[in-house]
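The topics are taken in turn below.

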Amino acid sequence: MRSHLVVFLAALMSLALTGTAQAQVPRVAIEGGTVVGVQTGEVASFKGIPFAAPPVRELRWRSPQPVAPWSGELLADRFLPMCLQPLRARNSVFYFGEEPSSEDCLYLNVWSTAKAGDRRPVMVFVYGGGWTIGSASLPLYGGEALAQKGAVVVSFNYRVGALGFLAHPELTAEGNGASGNYGLMDMVAALKWVKANIERFGGDPAKVTLYGQSAGSVAIALLQASPQAKGLFHRAVGQSGGYNISGPLPSLADAEKAGVAAAAKLKAPSLAALRNLGGDAIMNGDNNLRPIIDGAVLPQQPAKVFAAGGQMAMPILVGSNADEGTAYPVAMSAAAFAADAEKRYGADAPRVLALYPAATDAEARAASYALMRDRTFAAPMRRWASEQSAVAPVFVYHFSRVHPFVDGLGYAQQNPATGMGAYHGAEMAYAYGTLDVLNRFAKNPRLERGGSSLRRCNDLLLGQFRPHRQSQRRGP
């Protein structure tokens, strides 16, 4: 009897170590091969899945190329490097830890709680960073919480800075008349991957919401005006970034001139010489580049597309924060504020100064924060909402929750931190369910735990309720 019991217990042990354990290891067959993820509670995560070939050497400054299929199983259990870029300052409110970087960076991540046969809504995230920094692996953007709400969540890397947006006459010749928008091309490639593969993770490729913040939000508006992205997403959420955030986009001709100047600074007389330079050297040229009107990804100014109602007709949720300007340099005196208004607005400067009074230095600082908020963030979002309402339902939010910073905390942008208010990006941890990340680098908890001011927005994305009001006004 005892020997039978020992055999039975041994069999149970074997089952626990083999069959049961294997059943908890998520495996998905996708284009290219099989990926093996990690199961954490209800959430299966797959990190570091390639969606394009490494854009290095001859593939630097080329459109994303197909992934080479792999044999066996690809272990997708960790984030892979962010695209090459400068590092964030450690005393910045936007700092969330160090991350490795590389030119070999075109990878994406998936979080899902879906079961076999599910077709759940898909949410694809586009990070911000002013086109020069940013990564899908930033802890703030983790997809676990949204996946637990019922979405299949995807984040991906795209090339930034000079490696993502350099135009050059030789690149234009190589690219059949277009160059410069490689970062946007990466976004299109990631969305094509989602369309081809997401059903295998339990997602519905016909219900893709593209969501992003700052430059990521701008990118979404640009993609709405791009013929190359048509049909790849069906709803959008834009947070603090519209297509006109920095005015009209440069033309291809102007961008080529900037590219030639950047190459000259690097003493690279040809495209071959540029490709022989290290990526870190490239960033020492003109790394402050952005999307352009290249004739392919963006055939014309997005302002013309939106004004004519030619953008993708899809429901959108857009908005901005109450104190967007506090994270940016400002005029520190009344005289400086008045001089900037004169330079920026010319004959309209008196009207601007009447709207934003700045008789004292303290008033000037507050006025410059408010003007930065309205000019750069709030106005572009209102314009996007107004123009989109001519073709589809529009939902608008305003985020005003102030982080309850602990005493003594300060940042490069504001010291003490209590001066940040509802700053640029303050909504993200609340919206994405990543509040714990905000306390990661503080000796004491940085802010209280609690509910989200944007919980209704999250529910809206997943179709769990209808808002009390939506704008369907026909016309700008």
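A disulfide is counted here when two cysteine sulfur atoms lie within 2.5 Å. The model is predicted. By that rule the count comes to 1 disulfide, and the link joins Cys 83 to Cys 105.

**Disulfide**

- The sulfur atoms of Cys 83 and Cys 105 are 2.1 Å apart.
- The link of Cys 83 and Cys 105 is right-handed, with 85 degrees about the S-S bond.
- Cys 83 belongs to strand β6 (residues 82–83), while Cys 105 sits in the loop between β7 (101–102) and β8 (107–112), so the pair ties together parts that are 22 residues apart in sequence.
- Cys 83 and Cys 105 are both buried.

**Largest pocket**

- The volume of the largest pocket is about 660 Å³.
- The lining of this pocket has 35 residues, and the closest to its centre are Gly 129, Gly 130, Ser 214, Tyr 328 and His 424.
- Two or more lining residues come from each of α6 (215–224), α13 (361–388) and α14 (428–432).
- Helix α13 gives the most to this lining, with 3 residues.
- Sorted by class, the pocket lining has 21 nonpolar, 12 polar and 2 charged residues.

**Cavities**

- The whole structure holds 7 cavities of 30 Å³ or more.
- The largest cavity has about 110 Å³ of space.
- Residues lining the largest cavity include Met 82, Gln 85, Pro 86, Leu 87, Arg 88 and Tyr 95.
- Also in that lining are Gly 97, Glu 98, Glu 99, Gly 134 and Leu 138.
- The classes in the lining of the largest cavity are 5 nonpolar, 3 polar and 3 charged residues.

**Packing of α11 and α13**

- Two packed helices are described by the angle between their axes and the distance between the axes.
- For α11 (residues 334–345) and α13, the axes come within 8 Å and cross at roughly 35 degrees.
- On the α11 side, the contact is made by Ala 334, Phe 337, Arg 344 and Tyr 345.
- On the α13 side, the contact is made by Asp 361, Ala 364, Ala 367, Ser 368, Leu 371 and Arg 375.
- By class, this contact between α11 and α13 has 6 nonpolar, 1 polar and 3 charged residues.

How values were computed:
Residues numbered from 1 in each chain as written. Predicted model: local features only at pLDDT ≥ 70, side-chain atom pairs only at ≥ 80, totals over all residues. Heavy atoms only, no water. 1 Å grid on protein atoms, 1.4 Å probe; cavity = no way out; pocket = protein on both sides within 12 Å on 5 of 7 lines; lining within 4 Å. Points joined across faces, edges and corners; volume = space filled by probe spheres on them. Helix = DSSP H or I, 4+ residues; strand = E, 2+ residues; numbered from the N terminus. Nonpolar A, V, L, I, M, F, W, Y, C, P; charged D, E, K, R; others polar. Buried < 20%, exposed > 50% of the residue type's maximum accessible area, 1.4 Å probe, protein only. Axes fitted to C-alpha atoms, helices over the stretch in contact; angles between N-to-C directions. Contact = heavy atoms within 4.5 Å.
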